[in-house]
Amino acid sequence: MSQSKSTAIHREWLSAAGPLNIPMTNDYLFRAILQRNNRVLKGLICSLLHLDKDAVDSVVINNPIILGESINNKTFFLDISITLNNHTLINLEMQVINEHNWPERSLSYLCRTFDNLNSGDEYSSVKPAIQIGLLNFTLFPEYPEFYSTYQFLNAKNYTKYSDKLRLCVLNLTRIDLADEEDKRYHLDLWASLFKAVTWEELKMISKQDELINEASATAFQLSQEEMIRLQCQAREDYYRRQRSVQHMLDTQENTIKNQEQMINGQKEIINNQEEMINDQKVMIDSQAEMINNQEEMINNQKETIKKQNTDIEKDKMTIQNLTDENTLLQKQLADALEQLKKNK
């Protein structure tokens, strides 16, 4: 680019106003900025890893693309492969849409990056690998954080297994949770840069950091290059289609969840009804047993009454016999007395 054209673009950048024609979260623009401006790449890496600038000698993109060349979803690498200080391998990606697979996806990137030994190399010479995701969503809604670092630790005593593997997540939606260390390394400013929606916002943020100002100017310059702008717009079209598909999937997932909840609720009602029916059966059986016991008791009482009636009849006959005998004896006694009177 000629000096005069560069100067003209710089003047246009200084006077730029209104909404951004390409969001700063556009993954093609993100890659283009870092590929076009190595100072910006170095500054972002320093902020993400909380490193002082003097600690970084070199930052190299291992999988560059030809900026402006036509791409498709099969040939465009979303993730950026970076070598830091000719030693540490970094996998960097801007992820706008929550496809609900980031933990698995980032682990896949990390393992692929860590598998860097050549034939014959000692295992101890394997290079450290870091996967960094800049996410435009909260990965774990129950545990929101601005910047998270994950490493392999002993689950019992938290002993670090190795410092050669690391996962980092920058949540662009929760800048409010940035801590003092994040702010010391201007990580909150970088996040604000990516979330900006107007040129005025970018300029306000740029005043606070030289490299962020360079990133903003580079973004403006790239947006003026037609071929790059077209590729960025193609990515925005892709995002819209993906959002539509993701919205449909989320809607279907919510519908399925609601149906499952309804089914589970109906199952619970059925289980309660079955339990109630079983309780009623137990109660009916208990009542039937009670009735049987009562019937048996009544029959026993009837037998007792019948026996008592039989005994009463026998007693009546005995009394009647005794009465008849008593009457006979009385008559015999009276006759005997009468006879005595006559004999006198």
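Modeller: Let us begin with a single residue. Lys-257 has a relative accessible area of 42%, and therefore counts as partly exposed. Please keep in mind that this is a predicted model.

Colleague: With which residue does Lys-257 form a salt bridge?

Modeller: The partner is Glu-253, and the closest N and O atoms are 3.5 Å apart. Both residues belong to helix H9, where 4 residues, about one turn of the helix, separate them. Glu-253 is likewise partly exposed, at 36% relative accessibility.

Colleague: How many salt bridges does a search of the whole structure find?

Modeller: The search finds 13. One of them joins the side chains of Arg-36 and Glu-225, at 2.9 Å from N to O. Arg-36 is in helix H2 (residues 27-36), while Glu-225 is in the loop between helix H8 (210-223) and helix H9 (226-343), so this pair ties together parts that are 189 residues apart in sequence. Salt bridges may also be linked in a network, as with Arg-39, Glu-210 and Glu-214.

Colleague: Are Arg-105 and Glu-93 buried or exposed?

Modeller: Both are buried. They form a salt bridge whose closest N and O atoms are 2.6 Å apart. Arg-105 lies in helix H4 (residues 102-114) and Glu-93 in strand E3 (residues 88-95), so the bridge ties together parts 12 residues apart in sequence.

Colleague: How should I read the cysteines, and how many disulfides are there?

Modeller: A disulfide is a covalent bond between the sulfur atoms of two cysteines. Here the count is 0. For Cys-46, the closest cysteine sulfur is that of Cys-168, 14 Å away, which is too far for a bond. Cys-111 is in no disulfide either, the nearest cysteine sulfur, again in Cys-168, being 15 Å away. Cys-46 is buried, with a relative accessible area of 3%, whereas Cys-111 is exposed at 52%.

Colleague: Which residues form a nonpolar patch on the surface?

Modeller: Leu-107, Phe-152 and Tyr-161 do, with about 360 Å² of accessible area together. Phe-152 sits in the loop between strand E5 (147-150) and strand E6 (165-171).

Colleague: What of the overall form?

Modeller: The protein has 9 helices and 6 strands. Its radius of gyration is 48 Å, well over the 20 Å that the globule rule gives for 344 residues, so the protein is more spread out than a compact globule. The C-alpha atoms fill a box of roughly 185 × 50 × 40 Å along the principal axes. Of the 344 residues, 32% count as buried.

Definitions and conventions
Residues numbered from 1 in each chain as written. Predicted model: local features only at pLDDT ≥ 70, side-chain atom pairs only at ≥ 80, totals over all residues. Heavy atoms only, no water. Patch = residues over 30% accessible without salt bridge, like charges linked within 9 Å, V, L, I, M, F, W, Y side chains within 5 Å. Areas by Shrake-Rupley, 256 points an atom, 1.4 Å probe, with all protein chains shown as cover. Salt bridge = Lys/Arg side-chain N within 4 Å of Asp/Glu carboxyl O. Helix = DSSP H or I, 4+ residues; strand = E, 2+ residues; numbered from the N terminus. Disulfide = S-S within 2.5 Å. Buried < 20%, exposed > 50% of the residue type's maximum accessible area, 1.4 Å probe, protein only. Rg over C-alpha atoms; globule rule 2.2 N^0.38 Å.
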